[in-house]
Amino acid sequence: LITITGNFAANLAALTTLTLTNLTKILANCTPTMAALTTFSLPALTTVGGTFSPVMASATTVTLTNLATVTGVSSQSYATLTTLSFPAIISFGSTLTITAANLVTFSFGSTLKSVGGNVTMSGMKLNQASVDGILVSLAALDGTNGTTAYSSKTVNVSGGTSSTPSATGLAAKATLVGRGCTVTNN
């Protein structure tokens, strides 16, 4: 399986592992609901042409190594996941909302060029490096070097036991606020 031309909207209640090694594109929405899934691995996936909204209450491992583009809304839900990264992400076309009360570590990677909407990652356990990384990555979207300026949007990394930003994170927050963003943090 290399390409899904329609929606990937599986509702597989008992499935515990899903690995699609060769899947590179989902041309519409990716909205699977898999309550018992612990391992979700799409290592070759580069493109989601619509909404990216997986719901996985038991996921402990999520591998999206090559995901570069999500055209629509990204609203992800992981109840037990502690680490999530998007090392190859270039663009989130709309809002990015991650619901993951146990998430400690998060990163965008260095390839991020645009986020088209608000970023909400509230009620988590994000460590200081992750909070700083989110703010610095968004502040780096300044309209130069192929980036689209991140301005007049809302960033929420508050709630839960997420760390407060360091001086580096606070400087990035000031940059975002200077561009008309509202930034909320612990």
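Which residue in S16 is the bridge partner of Thr120? The legends below take up that pairing and its surroundings.

The model is predicted, with local features needing pLDDT of at least 70, side-chain atom pairs counting only at pLDDT 80 or more, and totals for chains, interfaces and linings using all residues. Residues are numbered from 1 along each chain as its sequence is written, and side-chain values use heavy atoms, leaving out hydrogens and water.

**View 1. Strands S15 and S16 pair in the parallel sense.** S15 covers residues 119-120 and S16 covers residues 154-157. Two bridges join them. Asn156 is the bridge partner of Thr120. Strands (E, at least two residues) and helices (H or I, at least four) are DSSP runs, numbered from the N terminus. Pairing requires at least two DSSP bridges between two strands.

**View 2. S15, helix H1 and S16 form a right-handed β-α-β unit.** H1 spans residues 128-139. Right-handed means that, with the strands pointing away from the viewer, the path from the first strand over the helix to the second runs clockwise.

View 3. S16 pairs with S17 (residues 182-185) in the parallel sense over four bridges. Thr154 has Thr182 as its bridge partner in S17.

**View 4. Ser122 sits in the loop between S15 and H1.** Its relative accessible area is 32%, so Ser122 is partly exposed (buried is under 20%, exposed over 50%, partly exposed in between; 1.4 Å probe, protein chains only). Ser122 touches Asn156 and Ser158, not counting residues up to four places away in sequence; contact means heavy atoms within 4.5 Å.
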